[in-house]
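Hi there,

Here is the structure I promised to send over. Please have a look when you get a moment.

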Amino acid sequence: MQFRFESFAEFMSMAGHGPYVWACYTAALIAISYIVLSPMLRKKAIRKQLQRQEKLAEQQALQAMENKA
Amino acid sequence: MAWQWFHRLGSPKWFYEKTNAWMPWLLSISLLIIVSGSIWALGFAPLDSKQGNSYRIMYLHVPASIVAMAAYYVMAIAGAIGLIWKMKLSYMVMKVAAPIGAVLTAMALFTGAVWGKPTWGTYWVWDARLTSVLILLFLYLGVIALQEAFREQEVADKASAILSLVGTVNIPIIYKSVDWWFTLHQPASIKMTSSSIAPEMLYPLLGMITGFYILFTWALLASTRSEILQREMKTKWVKQALLEKV
């Protein structure tokens, strides 16, 4: 196993193919980030929604008690 | 007795609790493999004598394409199980497989087009393989759109399942397109029996394929778990599961 490029600049340019190769790897990074983050963010959003609902239910229960009193 | 596991599997709560422990492992292992595989592919894999450095795109293109099709199997089979046994969990798996499959298919198309420019001299041709994969993307988008189109979840699930099953026709066409219409896209280089690819190039590729499969497994489970939480939001166990761990 050895590194196939002489310098970092050569690694970036990839003998002219650099733009193609790096564009693909950047796109892959974006796609994978989307795949990883979207279920996480969705769970977070559902938790927030539940918390809001619970709070609302509590307030309504409190209001009902006050109305009775 | 023998079918007990099958009925249990149909229970979203059981599924959610069972998969809980796997999630961090699947994600960290897959990301570790993909990151190290990419470094290997970009810097350490030998140069291709014909294509030069552009072939390093293969390490993204091939795994994305393979798993994009695997995602379709999962979606269609889950849809069939949902239709036959009316299993809600199965419909949820079908629904969440569509956006993951769409992203992977888009990635396969994009990397393919960018790879095509230096190799074939063009980003796109109406080659049979390219066209059938484009249809795969539209099938995924169709399922996503159907899910959004109906107010009743049950109707949306049934319609998506039928579209998924009908679209299965496309899968053997994708596989065989490179042999039936030998136009531009090359046939498969890796086969079970023999591979026409050097080992130093093959190992990182097999690594990337494994990494993508594990990432897909994680994403499918994670999205199904979110879908379960959404659909069962009114139940006690979901409230407990979500509100206690804050």
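Below are some notes on the contact between the chains and on one helix.

This is a predicted model, in which local features need pLDDT of at least 70 and side-chain atom pairs count only at pLDDT 80 or more, while totals for chains, interfaces and linings use all residues. Residues are numbered from 1 along each chain as its sequence is written, and chains are lettered from A and ligands numbered from 1 in the order in which they are written.

Counting residues as in contact if their C-beta atoms, placed from the backbone, lie within 7 Å, 28 residues of chain A meet 33 residues of chain B. Helix H2 (residues 18–68) of chain A gives the most to chain A's side, with 19 residues; helices here are DSSP runs of H or I, at least four residues, numbered from the N terminus.

Now to chain B. Helix H5 (residues 88–120) of chain B has 33 residues and spans 46 Å from first to last C-alpha, close to the 48 Å expected at 1.5 Å a residue (1.5 Å times one less than the number of residues). H5(B) bends by about 25° at Ala97(B), with Pro99(B) following within four residues; the bend is the angle between axes fitted to the seven residues ending there and the seven starting there. After H5(B) comes Gly121(B), with a positive phi near 85°.

The unreviewed UniProt entry annotates residues 96–116 of chain B, among others, as "transmembrane region", though such annotations may be inferred rather than shown by experiment. That span, residues 96–116 of chain B, is 100% helix, with its end C-alpha atoms 31 Å apart.

Best wishes

Notes:
Two residues are in contact if their C-beta atoms, placed from the backbone, lie within 7 Å. Helices (H or I, at least four residues) and strands (E, at least two) are DSSP runs, numbered from the N terminus.
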